[in-house]
Amino acid sequence: MKNLEISRTELNNLIDEYVIGKNAVRDREIMKDRLIDGFSYYELSDKYSLSLTALKYIINKRNNQIFKHF
């Protein structure tokens with residue numbers, strides 16, 4: 001896999017642009033916390049009151065939405 005260098009601002013803009021649909025507002029915040037701020041799955045699970053399984057599903061789904069454009 002190609003190693004990408006991307007700024008925090010660019011990543012923030014990508015998240016805002018490509019995380020759309022149901023629960024997009026919550027999922028954008030989750031993705032920003034994970035990708036930009038480096039929160040762990042456990043921290044995110046606690047913060048958003050989601051099971052680890054649900055959280056991992058959301059992150060994988062949204063990662064696909066964001067990074068399929070590269």
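**View 1. Tyrosine 41 in helix H3.** Tyrosine 41 lies in helix H3, which spans residues 41–48, in a model that is predicted. The residue is partly exposed, its relative accessible area being 25%. When the neighbours within four places in sequence are left aside, tyrosine 41 is in contact with Arg34, Leu52, Leu55, Lys56 and Ile59. Serine 51, which is 10 residues from tyrosine 41 in sequence, lies 9.6 Å from tyrosine 41 in space, taken from C-alpha to C-alpha.

**View 2. Serine 45 in helix H3.** Serine 45 also has its place in helix H3. Its relative accessible area is 14%, and serine 45 is therefore classed as buried, the cut-off for that class being under 20%. With neighbours within four places in sequence again left aside, the contacts of serine 45 are with Leu50, Ser51, Leu52 and Leu55.

**View 3. The crossing of helices H2 and H4.** Helix H2 (residues 24–36) and helix H4 (residues 52–67) have axes that come within 10 Å of each other and cross at roughly 85 degrees. Because this angle falls in the range of 65 to 115 degrees, H2 is described as roughly perpendicular to H4. On the H2 side the contact is made by Ala24, Arg26, Asp27, Ile30, Met31, Arg34 and Leu35, while H4 contributes Leu55, Ile58, Ile59, Arg62, Asn63, Ile66 and Phe67. Sorted by class, the residues in this contact are nine nonpolar, one polar and four charged.

View 4. The secondary structure consists of four helices and zero strands, and along the sequence the pattern reads α-α-α-α. The radius of gyration is 12 Å, close to the 11 Å that the globule rule gives for 70 residues, so the protein is as compact as a globular protein of that length. Taken along the principal axes, the box filled by the C-alpha atoms is roughly 30 × 25 × 20 Å. Of the 70 residues, 30% are buried, and among contacts with a separation of 6 or more, 51% are between residues 24 or more positions apart. The accessible surface is about 4,900 Å², and carbon and sulfur atoms account for 50% of that surface.

Terms used. Residues are numbered from 1 along each chain as its sequence is written. This is a predicted model: local features need pLDDT of at least 70, side-chain atom pairs count only at pLDDT 80 or more; totals for chains, interfaces and linings use all residues. Side-chain values use heavy atoms; hydrogens and water are left out. Helices (H or I, at least four residues) and strands (E, at least two) are DSSP runs, numbered from the N terminus. Buried means under 20% relative accessible area, exposed over 50%, partly exposed in between (1.4 Å probe, protein chains only). Contact means heavy atoms within 4.5 Å. Axes are lines fitted to C-alpha atoms, for helices over the stretch in contact, and angles run from 0 to 180 degrees between N-to-C directions. Angles under 35 degrees count as roughly parallel, over 145 as roughly antiparallel, 65 to 115 as roughly perpendicular and the rest as oblique. Ala, Val, Leu, Ile, Met, Phe, Trp, Tyr, Cys and Pro count as nonpolar, Asp, Glu, Lys and Arg as charged, and the others, Gly among them, as polar. The radius of gyration is taken over C-alpha atoms; the globule rule is 2.2 Å times the number of residues to the power 0.38. Accessible areas come from the Shrake-Rupley method with a 1.4 Å probe; for residues, only the protein chains shown count as cover.
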